[in-house]
Amino acid sequence: MSEYSVIGKPTTNVDGAAKVTGEAVYTFDMTLPNMLYGRLLRSPHPHARIISIDTSEAEKLPGVKAVITGKDTPGGKYGLWRRFRELTDQEVLATTKVRFIGDPVAAVAAISEEISEKALDLINVEYEPLPAVFEPMEAIKDDAPVIHEDFPNNINNTRHIEWGNVDDAFKKADYVREDRFNLLSQHPAPMEVHSSVASYDKGSGRLTVWSSTQSPYFLQLGLADALKMREGNIRVIKPHVGGGFGNKNSTMPDSVNAAVLSMKTGRPVKIVFNREEEFTTTEHRTAMHLAIKIGLKKDGTIMAKEAKIITDGGAYTGLGATTLYLAGTYLTFPYKTPNYRYDGVRTYTNKMWASSVRSFGATPAVYASETQMDRAAHDLGIDPIEIRRKNAMTSGYEAPGQYKLESCGLLQCIDKVEERVKEKWTDLSKDEGVGITAFAYMCGGIFNWIDTPYAFSGAMVKINVDGTVDLFTQAADIGQGTNTVSVMICAEELGIGIEDIRLHPADTATTLTDLGAWASRETMMNGNAVKAAAGEAKKILIEVARIKLGENIVYDLEVKDKRIYLALRPERGFSYYDIVKDAIKRNDGEPIIGIGHYTPHGKGMVSPAFAFGSMGVRVKVDRETGQVEVKDIITAHDCGQIINPLGARGQVEGSIQLGLGWGLCEDLPTDNGMILNPSFVDYKLFRTRDMPQIELYDVPTYDPEGPYGAKESAEGTVAPTSPAVANAIYNAVGVEFDGNVLKPEKVLKALKEKEAQ
Amino acid sequence: MKKELKFVVNGESHDLWIEPKTLLVQVLRDELGLKGTKRACDSGACCSCAVILDGKVVKSCSMLALQANGKEVLTIEGLANGANLHPIQQAFIDNWAFQCGFCTSGQIMAAKALLDENANPTREEIQMAMDGHLCRCTGYNMITEAIQDAAKRLQEQKLQEAAQ
Amino acid sequence: MKDIIFDFEYFVPKTVEEALKLLSQYEEGECKVIAGGQSLIILMKQKLLTPKYLIDIKGLSDLDYIKLDDKQGLRIGALATHRSIEKSPVTQNGFSVLAEMEQNISSVETRNWGTIGGNVCHGDPGGDPVPVLIALNAKLKMTSLSGERTIDVENFTLDYFETALRHDELLAEIQIPSIPPNTGVKFTKFSQIAGDYATASVAVLITLDKNEICDNVRIALGSVGTASTRAKKAEEILKGKKISDDLLAEAGKIASEEASPTTDAEVSEEYKRELVRVLVKRVGREALERAKKA
């Protein structure tokens, strides 16, 4: 394989100049002529029947142009799990009852946000409060209040995964242990709050919506369902997005209400959440109770694993049902688990619902699994690195009926981390400790709960007569660098430069469907689509070049450095620009168009490929305050062929900040369904002084499924971070935890309990 | 009752009449259309709205616009020299110091204020200066490296200018 | 995002006297003074404070100074910004505990615009300056149309967001007496996130005599009550003695009992007491080391 020209080389962001000059436009920034500003009136009760809503006073306020309630909406229900209609449980505005504090019941559009805000105070809602339930274990009891009438036990979804013979294997195991965990939530807290602008065209009856979204297509479908419109009459455009981290997959009240208000007023309507709403009414990480039982041989080989999870789903489905499945899946990674059984239950509760957040179920699952692994290692007297090595997945491993691995660099990652840890952290001082973890993560999901007939990703390449390329992808760059990856892949495939390519991203009207940015799918799925599209265009160029060369069909031609030439005799070839001109002439003057798509086939139930890695964390514990200082991190990852090392590193470091937050300081305490800390003052995140330096090592492999062998990077690194911290704390001061958010008080309490023993 | 606000933004004079309750960030974004300065919180805790006021970096969301009366404001839009990026902006690009970019304007303005005051800051000094800025994407270290790189570039630029 | 959505009348007095005249015209509760507004504006966005009249004193440069007098000590005008105190050679050289404290308040952005007077008058028991000023035995000078008065800082902050400042008064100056020889002062706040609001904070001043006996000690606690207070019983443990680690530990224990923290969404009362115990011990030790070196 020849060395790549573009792939694998540190490449700056194609959106760089726009972002550093303030010119990049986010939905948050948008204004359109004659635009109105919308605000939502939200329920103060966690569970209540709506008796009446009187909007007459609000309508009279000067500057108010429309006030709507549930009865003014087209009445469609929506949600991401569209194949299971009973799970598309969201309404534009609550019609009969509200199910969490913040559930929207009315919306106002006015000439300024201030007037809309004031109008909310003039809307009179009569509620009949109902008993509410906030805890999953309580919610499934027979006498619990019923949150959705179609779900009498408040069980939103269940999942069962099984292979082998778990009961038999446990009987044969030398060592069996069970651990229980209570794993708490986390708010993704993207810097750009939810924002949408909707513009209804009175002439055609078509709608255009700009939104801070992770998936223009998902939003298009959600709007179509909510508004009972044909998808094709809704155009969704994704401007620059200020982060998502999982809470911008679902269709949310900002977009659907902006749409209805625009349809009612005939004017564009913008709805932007404030930060309090972002914390209290947008999706957060799924909290769960988790019980995990493991059976090992005395040499540490895993024989069986059994897990049960009950998740705190909140008031609606979102992607919480997928999290339920993936948590059960990630409990088996990254170790060979010959016998496995998982039962998961997702419950409804009267709180803002939990959905997908970066690492999508892996974070709590890997925390449980990796801390348990260390405990087992201690009990068996086996080195924690050794036990991981012994059980590590390898290429070709298969979990029957679920997934099969092609590339797998896990062992090399573990080796690298061990080598570096032993080299660097030789001088642990008192109360310092080291924790090691291993992990794996998917490259997009083989899931079609969205119920699409389309390929999971499609792309189009148009080569113009001057050699410039217009690349059309619907993939959603939300900061992770997908735009740059798309352009890099296209450049590599056509043998040209990034400067030759203009990207037209994320517009449902002009690009082929892509399912969006979640479960780390863009590089794998969109990347493959782009490569395929460019490949189709390349075929045309190569054919023209072959004809001009007059060469035998068996001789291969290659493209590189803006030339198209004979592989065996590189000096025999042509400039890309000349071939392009020729090709267009030969095609009746049509520009060169290449269309490609990708959908995983025959790759199991989960993902077409998996990335792997290992992480070492060094901490220092202050025994008197319980403060845990994360001093240093060493991590190695196998992402197949890294497309952009700059982007990959950035993503890994960011994912670790999120992982450390989940583990140490980010907490969403609630009281009767009310989130108590909905501001950046009270919700604590790691800042620049708190972050350790991170050494990152790339262990390249090649996965045949990925574009140029590429796999995902850095959604996986969220999950191993906190168990590595927990394992390091144990190594330092000998205390264990059954959950996360290891705030100083919690650590100190554990230390004192240990002392008392 | 509206009051007069006369101030200079990015070298241009403005004479506006605004309600006293208007925040500086509202004037910059909504009146003057300078959307590069962002808002990401309501409690003065994230510094996405940072701009430079009379040479000092401040949060434009936590000031009444009228408090800028008679003063000079520099926003992200005022950094580049025509079509030429400022060395700090280029350093941010070259060091992948942003991902979603929403906190970036604030980070760059704070970096500029820092480097104007301290041309050769240590890593610790950079972190102390930048600690008000929340970022959810980068994990911060690459921002620190970009600022260290920017310091070098600015010093080189000074040397070049002195040589001429 | 949240803006200030209620209207108010806005005044920009050109002199202190003009400001005082305005203040005396309005009823208590109707009128608010704004300086840097770093706390006030947030409260106004949340509609927790909705004054009808706002008097902007930020531009009164007469109140913005940091002066050192050999005999009288340090004089800081109420409108000195946190940043100016942090960076001033006067504070850095002679009253370094102030510069250290200021350096860890919030962000550079907040410190560039927010004033020490605004912080003190806000009466937030979680604020950093007040415990340090108490340890330094500072006084506050207030001015109104009827004259000036000066009180000890520890008598100024009374309760949550309540101070001794009358509604027709302005805080004019913070007066910090010269630090005697053989004195060490140290302030530390504990927070999980670096530079964050204090979960608990402690300031300790220790003056030693020539035999290294503790001649004077002041221990101020922050964030563990409705206002910043001195831990006087803990002080008694140390006063007149040669301070040892054991004594410091005991002082910490007594101080933790003197504190009156409450449980909040983040942290329990017991933990805050524990922090007081640990911090008094540690900060006391550091103050002692500084006193020995002085």
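**Chatting through the interfaces**

Modeller: Let me start with chain B and chain A, which bury about 4,200 Å² between them, with 58% of that on carbon and sulfur atoms. Keep in mind that this is a predicted model.

Biologist: Thanks! How many residues of chain B and chain A are in contact?

Modeller: On the chain B side there are 47 residues, and they are in contact with 57 residues of chain A. In chain B, the residues that lose the most area to chain A are Trp96(B), Leu134(B) and Arg136(B), together 22% of what that side buries.

Biologist: And salt bridges across chain B and chain A, how many does the rule find?

Modeller: The rule finds 6 salt bridges across that interface. If you want one to click on, take Arg649(A) and Glu145(B), whose side chains meet in a salt bridge at 2.8 Å, N to O.

Biologist: Nice. How many residue pairs are in polar contact between chain B and chain A?

Modeller: The count is 27 residue pairs in polar contact, both residues being at pLDDT 80 or more.

Biologist: Which helices of chain B supply at least two residues each to the side that touches chain A?

Modeller: There you'd find helix H2 (87–94), helix H3 (104–117), helix H4 (123–130) and helix H5 (141–163) of chain B. By class, the side of chain B that touches chain A divides into 20 nonpolar, 15 polar and 12 charged residues.

Biologist: How many salt bridges does the rule find across chain A and chain C?

Modeller: The rule finds 7 salt bridges there. One to look at is Arg282(C) with Asp622(A), where the closest N and O atoms are 2.8 Å apart. For polar contacts, the rule finds 14 residue pairs across chain A and chain C, again with both at pLDDT 80 or more.

Biologist: Let's look at chain C on its own. How many helices and strands does chain C have?

Modeller: Chain C has 11 helices and 14 strands. Its radius of gyration is 19 Å, close to the 19 Å that the globule rule gives for 294 residues, so chain C is as compact as a globular protein of that length. The C-alpha atoms of chain C fill a box of roughly 60 × 45 × 30 Å along the principal axes.

Biologist: And what share of chain C is buried?

Modeller: Buried residues make up 59% of the 294 residues in chain C. On contacts in chain C between residues at least 6 apart in sequence, 61% join residues at least 24 apart.

Biologist: I've clicked on Arg83(C). Where does Arg83(C) lie, and is it buried or exposed?

Modeller: Arg83(C) lies in helix H3 (residues 82–87) of chain C. It is buried, because its relative accessible area is 12%, and the cut-off for buried is under 20%.

Biologist: What is Arg83(C) in contact with, leaving aside its neighbours within four places in sequence?

Modeller: Arg83(C) is in contact with Val108(C), Arg111(C) and Asn112(C) in chain C, and also with Glu117(B) in chain B.

Biologist: What about a positive phi in a residue that is not a glycine?

Modeller: Val741(A) has a positive phi of about 60°. Val741(A) sits in the loop between helix H17 (721–733) and H18 of chain A, and at 3% relative accessibility it counts as buried. In chain C, Asn137(C) has a positive phi of about 65° and is not a glycine either. Asn137(C) is in the loop between helix H8 (129–135) and strand E6 (139–144), and at 33% relative accessibility it counts as partly exposed.

Definitions and conventions:
Residues are numbered from 1 along each chain as its sequence is written. Chains are lettered from A and ligands numbered from 1 in the order in which they are written. This is a predicted model: local features need pLDDT of at least 70, side-chain atom pairs count only at pLDDT 80 or more; totals for chains, interfaces and linings use all residues. Side-chain values use heavy atoms; hydrogens and water are left out. A salt bridge is a side-chain nitrogen of Lys or Arg within 4 Å of a carboxyl oxygen of Asp or Glu. A polar contact is a pair of N or O atoms within 3.5 Å; within protein, one must be able to donate a hydrogen and the other to accept it, and residues adjacent in sequence count only if both atoms are side-chain atoms. Helices (H or I, at least four residues) and strands (E, at least two) are DSSP runs, numbered from the N terminus. The radius of gyration is taken over C-alpha atoms; the globule rule is 2.2 Å times the number of residues to the power 0.38. Buried means under 20% relative accessible area, exposed over 50%, partly exposed in between (1.4 Å probe, protein chains only). Contact means heavy atoms within 4.5 Å. Buried area is the accessible area (1.4 Å probe) that two parts lose on being put together, summed over both. Ala, Val, Leu, Ile, Met, Phe, Trp, Tyr, Cys and Pro count as nonpolar, Asp, Glu, Lys and Arg as charged, and the others, Gly among them, as polar.
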